[in-house]
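Have the 3D view open as you read.

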Amino acid sequence: MDFRPTEEQEFIRQAARDFAESEIKPGASQRDLDAEFPVNIVKQLGELGFMGIAIPEEWGGTGAGHMAYVMALEEICRVDAGVGVIMSVNNSLACEPIYKFGSDYIKENFLRKLASGEQLGSYALTESGAGTDAGSIKATAIKDGNEYILNGSKAFVTNGDSCDVTIAYAKTDPEAPSGKGISAFVVEKGTPGFNVGKHEDKLGIRCSDCVSITFEDCRVPAENLLGEEGKGFKIALATLDIGRLGIGAQAIGIAQACLDESISYSKEREQFGKPISYFQAIQWKLSDMAMEIEASRLLILKAAWMRDEGMRHTMESSMGKLLASETAMRAALQAVQIHGGYGYIREYRWSATCAMPRSLRSTRAPVRCRDS
Ligand SMILES: Cc1cc2nc3c(=O)[nH]c(=O)nc-3n(C[C@H](O)[C@H](O)[C@H](O)COP(=O)(O)OP(=O)(O)OC[C@H]3O[C@@H](n4cnc5c(N)ncnc54)[C@H](O)[C@@H]3O)c2cc1C
């Protein structure tokens, strides 16, 4: 067993880190506050090949595999998980199902543009009454000649307003039981009857838009059917397997940012005449964070490796996503504790991933000042 990344994977990881530090970090905190979609950053991510990392080059992607994908995504999310989720949805939830299930027509017309970053994709499965129980969706797609007519509402669509196309799931057989009679469609945003609704006011990852979409007699060409009619739920679930890899990598990036900032702050902040990093209680927190991050990373990398090897990885990506998400929550909690009272102050606002801008740290809160 060889745990070393290949030269290509290491190159991609480093390129993502450099881009995140130099191009994403400046302004990340403000964009998060303002819920401002980072148009130029997303464009550059496409030019650098980060919007279709695992999609073969013949279809406009980078062809570097899923291990490179999760490594790059972690680096982006370490600086701004909002940018990361935009990238993750395009890679995992838009490009992957088209690559795996799309006809040559669909690949030719949509995949090339999505994987190269020329266009942005989204994934519309959830409805207000169908979340965890996604099989119980109510949106319909009724065939009419060479078209399907879509009706219904989707909730929580990440990239839903900024996207060019969405993968929408709807019942082609409305009488079929839950999870059956569902089909997937590639729907272009400009199509009449594709209406973008409310923008959710999220607690975090705010630079990525998350909206409701309503389909009102939205006519979609029959050739935009993804895979077979009635087999769409299988596509939705297969897509979530790879989606979990992305969200797991996102959580690892967030946790790593919490650890990096906590180490750095604990070395600077002095109490009782020495940096707080000298105290064992702080060291325990830091080492627990590091241990959990490493375990999460290994699990997500294993799931990504299994995908690259063509193996089923539903269990590994589910476990990896859960472990990484809980690791990120614990790391954020510990980071707030290590930053003491400043961890609770908005002026000390960290960027979207808790990476507190250094300028703010030095000007707003000298590390040797007394807590008030
Ligand atoms: C920021 C964000 C972005 C999103 N992006 C997208 C997107 O791009 N596309 C998309 O389609 N969806 C998206 N979603 C929707 C997401 O997939 C759903 O929120 C998720 O599936 C959960 O559904 P729900 O919110 O309706 O919760 P519910 O299903 O109502 O669950 C509520 C609670 O009940 C628990 N629960 C449910 N069923 C059971 C059970 N059988 N046993 C025990 N507990 C249970 C759940 O774990 C949860 O704690 C997004 C959501 C968020 C918050």
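This is a predicted model: local features need pLDDT of at least 70, side-chain atom pairs count only at pLDDT 80 or more; totals for chains, interfaces and linings use all residues.

## Around helix 3

Helix 3 itself spans residues 39-47, and its buried residues are Ile-41, Val-42, Leu-45 and Gly-46. Those four sit on the same side of helix 3, because they cover an arc of only 145 degrees around the axis. What do the buried residues of helix 3 pack against? They pack against helix 1 (7-24), helix 2 (28-34), helix 4 (65-79) and helix 5 (81-101).

## Around the ligand

Now for the ligand. Its surroundings are made up of Tyr-123, Leu-125, Thr-126, Gly-131, Thr-132, Phe-156, Val-157, Thr-158, Lys-202 and Cys-210. By type, that shell splits into five nonpolar residues, four polar ones and one charged. Strand 3 (residues 147-158) supplies the largest share of the shell, with three residues.

| Residue | Protein atom | Ligand atom | Distance |
|---|---|---|---|
| Leu-125 | backbone N or O | oxygen | 3.0 Å |
| Thr-126 | side-chain N or O | nitrogen | 2.7 Å |
| Thr-132 | side-chain N or O | oxygen | 2.5 Å |

On its own, the ligand has 970 Å² of accessible area, and the protein covers 40% of that.

Terms used. Residues are numbered from 1 along each chain as its sequence is written. Side-chain values use heavy atoms; hydrogens and water are left out. Buried means under 20% relative accessible area, exposed over 50%, partly exposed in between (1.4 Å probe, protein chains only). Helices (H or I, at least four residues) and strands (E, at least two) are DSSP runs, numbered from the N terminus. The arc is that of the directions from the helix axis to the C-beta atoms. Contact means heavy atoms within 4.5 Å. A residue is near a molecule or strand if one of its heavy atoms lies within 4 Å of it. A polar contact is a pair of N or O atoms within 3.5 Å; within protein, one must be able to donate a hydrogen and the other to accept it, and residues adjacent in sequence count only if both atoms are side-chain atoms. Accessible areas come from the Shrake-Rupley method with a 1.4 Å probe; for residues, only the protein chains shown count as cover. Ala, Val, Leu, Ile, Met, Phe, Trp, Tyr, Cys and Pro count as nonpolar, Asp, Glu, Lys and Arg as charged, and the others, Gly among them, as polar.
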